[in-house]
Every structure is written in structure tokens, then in C-alpha cells.
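Hello,

Here is the structure I promised to pass on. Please open it first, then read the notes below.

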Amino acid sequence: MPLSEHEQRLFDQIERSLAEDPKFASAVRASDPRFHARRRILVAAFVMIAGLALLVYGAVSSNTPLGVAGFVVMLGAAAFAMQSRRRAQAPDLHAVGGTASRRTRQARKAGLLDRLEDRWRQRPDGQR
């Protein structure tokens, strides 16, 4: 349902007044789980670069344990970045009252077998 002109003007005025308040903007940004996920991705990228540097230095200096340690650091940073990326893109994140909550695992998409069973049950009766 579209807003009336008066409601739209009031909405715009409220939006402008909230945008001008730096304390409110920082509070909203601090409670946004996507903001934290982006920051974790950046940290993971820097750690991945450090792991790559360790890997290269270990290979150049013929120090195998150092090269392996660099690879493990890179692998851990990549896993951390992927986890943070999933959190940032998850549509079921809600920032309410400064906390983030996630729906339970059962509320996620059904697996392939569940979808096939649903299709089988919903097929027309004449196709048995």
C-alpha cells in the first residue's frame, strides 16, 4: 500500500533527521551483523596475505616447516573468510536491540531428497 503525500513527507523528514545524527548512525552500524562480517573478511584477507608471505619465505629459504605453517595460516584464513561471507549474505540475520539472532537449522532450505519427496507427493493423480 503506497504512502500518502503527507506520510511520505513525514517519512522523509524522519529519515533526514536520523541521518544527521552521528551517534544514532554509529549505534546502528555497530549492531549490524553485516558490518562485522565485512570487517572479519578484511582481517581474513590480511591474514591470508601474511600466510602467503610465510609460504613464499619458507620456500625461498628452504625451510619446509615455515612454508607448511604459511599454507595452514592461509587455509585457516580462507575458511574464516568463507564463514564470514556466508554470515554477511544470510537473509535470516536480524539486528534487533543490538543483538543478532539466527533461525534454527530446521528453517533452512530442504535437502534434495526432501524436495523430491515433496514433488512426488504433489504430482497430479493421473501420473502414477
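**What I found**

V56 sits in helix α3, which covers residues 33–60. Keep in mind that this is a predicted model. Is V56 buried, exposed or partly exposed? V56 counts as partly exposed, because its relative accessibility is 45%, and the partly exposed class lies between under 20% for buried and over 50% for exposed.

Together with V68, V72 and L75, F71 makes a nonpolar surface patch of about 380 Å². One of these residues, V72, is placed in helix α4, residues 64–89.

Next, the rings. How many aromatic pairs does a search of the whole structure find? The search finds zero. W120 does have a charged residue over its ring face: R123, at 3.6 Å from the ring centre.

Now the chain as a whole. The chain has five helices and two strands. Along the sequence, the order is α-α-α-α-β-β-α. The chain has 128 residues, and 12% of them count as buried. For contacts between residues at least 6 apart in sequence, 43% join residues at least 24 apart.

Best regards

Conventions
Residues are numbered from 1 along each chain as its sequence is written. This is a predicted model: local features need pLDDT of at least 70, side-chain atom pairs count only at pLDDT 80 or more; totals for chains, interfaces and linings use all residues. Side-chain values use heavy atoms; hydrogens and water are left out. Helices (H or I, at least four residues) and strands (E, at least two) are DSSP runs, numbered from the N terminus. Buried means under 20% relative accessible area, exposed over 50%, partly exposed in between (1.4 Å probe, protein chains only). Contact means heavy atoms within 4.5 Å. Patches are made of residues with over 30% relative accessible area and no salt bridge: like charges are joined within 9 Å, nonpolar side chains (Val, Leu, Ile, Met, Phe, Trp, Tyr) within 5 Å. Accessible areas come from the Shrake-Rupley method with a 1.4 Å probe; for residues, only the protein chains shown count as cover. A salt bridge is a side-chain nitrogen of Lys or Arg within 4 Å of a carboxyl oxygen of Asp or Glu. Rings of Phe, Tyr and Trp (its six-membered ring) pair if their centres lie within 6.5 Å; planes under 30 degrees apart count as stacked, over 60 as edge-to-face and the rest as tilted. A charge sits over a ring if NZ of Lys or CZ of Arg is within 6 Å of the ring centre and within 35 degrees of the ring normal.
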